[in-house]
Amino acid sequence: MMLAMLVLLVAWSAPDGGRAAPSARTLRVLAWPGYADKEVVESFERRHGVRVEVSLVGSDEALWQKIGANRGGDFDVFAVNTAELQRYIDQGLVQAVDQAAIPNSGRQLARFRNLGAIAGLTRQGRAYGIPYTYSEMGLIYDRSQFARPPDSIAALWDPRYRGRVLAYNGASHNFSLAAQSLGSASPFRIGTTAWPDAVDRLIALRRNVLGFYSQPDEAVELFRRHGVALLFANYGRQQVQLLRAAGADIGYAIPREGALAWLDCWVISRGARDRGLAHAWIDHMLGKQASDLLVSRQGLANTVEAPPDHGPDDRLLWLEPVEDVGRRERLWARVMSGDRLGKVLEP
Amino acid sequence: MRFGIALRLGLLLAAIGILASGLTGYYAYTASRALLVQAAEERLLTANRVLARQIVAALENSGQDVRLLAEHHRAAAALLESDRRARSASEDEVAALFEGLLAKHPEYFQVRLISAAEHGLERVRIDRDDSGLVRVLGDDLQEKSHVPYVFETLKLPAGGVYFSSPAINHERGAHAGQGKPALQLAAPVYGTGGRVLGLVVVSLDMAGTFNMLAGGVPSGLGLYLAGRSGDFLVHPVPGRAFAFDRGQRALMQEEFPVTADLFAGRRDHVVSSVQPDSGETVVAAFNRRDLDKLRQGAFFVLGLSQPLHEVLKESDALGVTTLRIVLAFSALSFLLAMLLAHAITGPLNQMVRAVRRFASDRVTGPLPVRRHDEIGLLARSFADMQGQIQSQMDALHDKQCELDHLASHDSLTGLPNRRMFLDRLDHALARARRSGEQLAVLFFDLDRFKDINDTLGHAVGDVVLGTVAERLQNVVREADTVARLGGDEFVILLDGTRGDEAIALVARKVIDALAEPIHFEGHLLSVGVSIGISQYPRHGRDASEIVASADRAMYRAKGEGRGGYRFAEAPTALSPATGPLG
């Protein structure tokens, strides 16, 4: 009897070899900061009895790289704006979305529910994304350093604010910004001869800024520590909310050239393991919890209710696919590394 | 199986012995495991502290290197020089300085002198390449005013050193450092009058530095390093270090929740046995080192872990040894218990046997009376009691014998009485029937005895009877029985086949013996006898027939004159209604 007891005790104290294997169903989500907060993910995991693996991206380039890395096989569902979506459809990295399989799409505002009316969302009658959130990229300014709100994006190049401007580390938007500041009618289409001017303009921007941020948190920290006067809000109202929460006395302006605006949609990757689960995730993201959190925590607009402070005269430039993403990125990487004009324009 | 006291006592004692050795073994085993874990924790914590100190020392040394370069007069001179030729010459001198440093420190990827003017243009830049050191020149030099290590460093006072957050280096054209985890250390270069002219930046190869420092750590240990945010910078699982660079988070305080106190600043070290998400249970020690001297509010948490099964490897061997010892002691205690049980129950069994034997055979067996313990006392008491019973039984037996004798013998003559005679006759008849032998009965009474009794009194009669008895016993063989049937009637049983002549000889001997007068107190007393003889099987089949035949023969003898004998006649169909036996 004693021996049996000893054997049992020894067996109990032995390392446990029988850990539960991880759930076979794992949803791999690639999202932007603030899109898939912990509680939203957890409520989805609880409801569907699956594990969700969330990866975050901070730029369109990173997103393109990650999805492209394994021909869309590394993620099931991800969020991308309508402009960027075009190259994913071109390359067959996404698959069509079945709106009928997403009951919560019925809660959306009419302009987001009508997928065919949104440029770039449908191709040959098939929808490839479900609108989730949108934001315009306005200018955030420090009220104490501006007597009047900046009314043009030229303020980013204003030498009076040299070393006190924060820009965003992103190739496409920055080239669009440069084109806008150069008076281009279509900032998403840079003409063959216009490239040197655009690059020169970006080098000038580089020389005028304090630095380039990638994540909203990073921008808040730099803004506060370095007495930043002007910030290009790539994440839009989300950053207004963050900075105000951090105690900054800021204003938010839409420049007269028009603010670039993005509309982020949930899309299903070509390599999605479980289409049903991916649709369930999108449906979950249109639910009350996720939609409310977008507004209350991130300061972003959701697609189920109109924001209260939306200015009627605000000019928004919905993002469109750019003429040559690869070129913009190649050139931007050189600009960002500190190369001078001749070096950047080298073939 | 009979569960005797020996077996039960033995099993109980054995169980106690096995329990005692088993529990001792078990507690020794668990205590040893706890001690091993504790020792491992202390060992890991010590190694961790040493390594953390080395990391801080390495960072401080690198910081010192950067500061020394920034304070070198050639750095300021190169930045101040406006003449093209002189500027080039002084840049060459700085480059030589940098190359010397890089040659001495393989953990540095790159050393640069950057101007505060010209948008942070790199003025002197030496990169490490696979093939050696490369000096970057001309258009390849880049403007860095927009990167944190430049705009942050330019705001530092003289003598200050900027430590960047560890990150993967994505700068184009960074040669060996590109795509590798690196730390930028920078110090401002001040000119006269407190004007900041630029900065010196050193790129520290994090992986190389860490591997060099961790070289002294025994292999098999897991190394973890995290900065203020908790993001892993070093992790045994490659994908978990610098996960933030790939847009993911892998936080130390999530994988090891015990470290939350370290990040919150509530404690400076923790040791714990934990099971991280990434695998088996480990014993881990974490240590927080503040880097306030290097960068305000910066700190890192260093962790060292060892798989629990490796820590407990020694205890597994110990467990096997303990188990063997426990088994050996259990067997020994079982054996001892059985011996002890036998030692106690052996004497008890001896006494039981003695009691049984005494009860059945009334013989005292050996008893353990020499023992000086309770069993000895019990044995002695029992021996005393046995002796007492024995003597009482002996006395009882003597009385019994006496009573038996009285019941079967005539008190006056000492001869067997009628009852005993008939008993012996029955036995003799039974024996004769079985063996086919014969026997004879001589029956007689004393002539003139009544006269003696009447004239001389009963006392004289009694003397006569006693004398007669004495004489009769002298003439017969010991195996033959002489009995007094009562009054003056006697009978003699001759056992075994004898011829008529032999029987007659006995009769004549009797007659002759009794014919001799008896002298008593001056009287000469004379008695005679006539004897009737009957034989089995000739004169009767059973005792009464034989005695009756002898009786009748005696009367016929008397009728033929006294002092003779007469054999009985063959039996007639008639049985006598009355006889001497009634």
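In the predicted model, the side chain of B:Arg288 makes a polar contact with the side chain of B:Asp290 at 2.8 Å. A polar contact is a pair of N or O atoms within 3.5 Å; within protein, one must be able to donate a hydrogen and the other to accept it, and residues adjacent in sequence count only if both atoms are side-chain atoms. B:Arg288 lies in strand S11 of chain B, residues 282–290. Strands (E, at least two residues) and helices (H or I, at least four) are DSSP runs, numbered from the N terminus. B:Arg288 has 17% relative accessibility and counts as buried. Buried means under 20% relative accessible area, exposed over 50%, and partly exposed in between (1.4 Å probe, protein chains only). Leaving aside neighbours within four places in sequence, B:Arg288 is in contact (heavy atoms within 4.5 Å) with residues including B:Phe263, B:Asp268 and B:Phe299.

The model is predicted: local features need pLDDT of at least 70, side-chain atom pairs count only at pLDDT 80 or more, and totals for chains, interfaces and linings use all residues. Residues are numbered from 1 along each chain as its sequence is written, chains are lettered from A and ligands numbered from 1 in the order in which they are written, and side-chain values use heavy atoms, with hydrogens and water left out.

Chain B also touches chain A. The contact involves 33 residues of chain B and 28 residues of chain A. Together the two chains bury about 2800 Å², 53% of it on carbon and sulfur atoms. Buried area is the accessible area (1.4 Å probe) that two parts lose on being put together, summed over both. B:Glu143, B:His146 and B:Arg172 supply 21% of the area that chain B buries against chain A, more than any other three residues.

Four salt bridges are counted between the chains. A salt bridge is a side-chain nitrogen of Lys or Arg within 4 Å of a carboxyl oxygen of Asp or Glu. B:Glu143 and A:Arg207 meet in a salt bridge through their side chains (2.4 Å, N to O). On the side of chain B that touches chain A, helices H1 (5–71), H4 (148–153) and H9 (313–361) each supply at least two residues. The largest share, seven residues, comes from H1(B).

A:Cys265 is buried, at 0% relative accessibility. B:Cys401 is partly exposed, with a relative accessible area of 38%.
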